[in-house]
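Hello,

Please look through it first; my notes follow below.

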Amino acid sequence: MDERRLVKVSKYLSRHLRHDPGRIGIELDEHGWVEVDVLLKALADRNFHVTREELEEVVALNDKQRFAVRDGRIRANQGHTVDVDLDLTPAAPPPVLYHGTAGGFVPTIREEGLKAMNRHHVHLSPDRETAVKVGSRRGDPVVLVIDAARMAGSGHTFYKSENGVWLTDHVPAWAIMLP
Ligand code: HQG
């Protein structure tokens, strides 16, 4: 499959497995899973024909490992806005994590910290390079450095999604290190 189609299928899956399953008439279970067969049929019914092999390729080659397939079912690894329980286990974060954002948001973020906005958690990257990519989605990226060790020390819980994104409920302003 060429890169363009990979990205197209991945975006389509992200939209419906994270945000809007009802739009294509599928239901996610409480942990975010849907049968692969049900998903493929829903896509075909909407004239978006994806074979099982193509779906497997999208899952395997996805640049951010956004999806997991297990026991004939598929789900998004993180990034949901719909209410799902991903059974995340708390994990000890590395001392420092990164958050890529747009420069325009920085003054507010410095005041109120990082909020989950529409998602379930604030998303943090394990390295600066990844954070630059995340921030670039919104224009000129700014990378904030987060004192995860200090947050963990004061009782904040961190989770690591299956694809290596660090998640937490809120990053207080004091945990954002000065440049
Ligand atoms: C900002 C993508 C003002 C925050 C990415 C971000 C990631 C604030 C935006 C994943 C704020 C929310 C998540 C505050 C946070 N005031 N702005 N207090 N607190 N913000 O998309 O982290 O490609 O919900 O900085 O790569 O950008 O879809 O979060 O800019 O991993 O797989 O509010 O989504 O992954 O935006 O991205 P988002 P995000 P995928």
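**What I found**

A92 sits in the loop that joins β3 (73-76) to β4; helices (H or I, at least four residues) and strands (E, at least two) are DSSP runs, numbered from the N terminus. This is a predicted model: local features need pLDDT of at least 70, side-chain atom pairs count only at pLDDT 80 or more, and totals for chains, interfaces and linings use all residues. Residue numbers start from 1 along each chain as its sequence is written.

A92 has 10 C-beta neighbours inside 10 Å, so it counts as exposed (12 or fewer other C-beta atoms within 10 Å of its own, C-beta atoms being placed from the backbone). From A92 to G139 is 47 residues in sequence and 31 Å in space, C-alpha to C-alpha.

Now the ligand. There are 19 residues around it, and T101, F105, T108, H123 and V134 come nearest (near: C-beta atom, placed from the backbone, within 6 Å). β4 (96-102) and α4 (106-112) each supply at least two shell residues. The largest share, 3 residues, is from α4. Domain 1 (3-76) and domain 2 (96-175) both contribute to the shell, so the ligand lies between them; the bounds come from an automatic or database domain assignment.

Last, a sheet. Its 3 strands run in the order β5-β8-β7, open and antiparallel (pairing needs at least two DSSP bridges). β5 (122-124) and β7 (158-160) are the edge strands, each pairing on one side only. β5 and β8 (residues 166-168) pair over 3 bridges. V122 stands opposite T168 in β8.

Best wishes

How values were computed: Buried ≥ 20, exposed ≤ 12 C-beta atoms within 10 Å, placed from the backbone.
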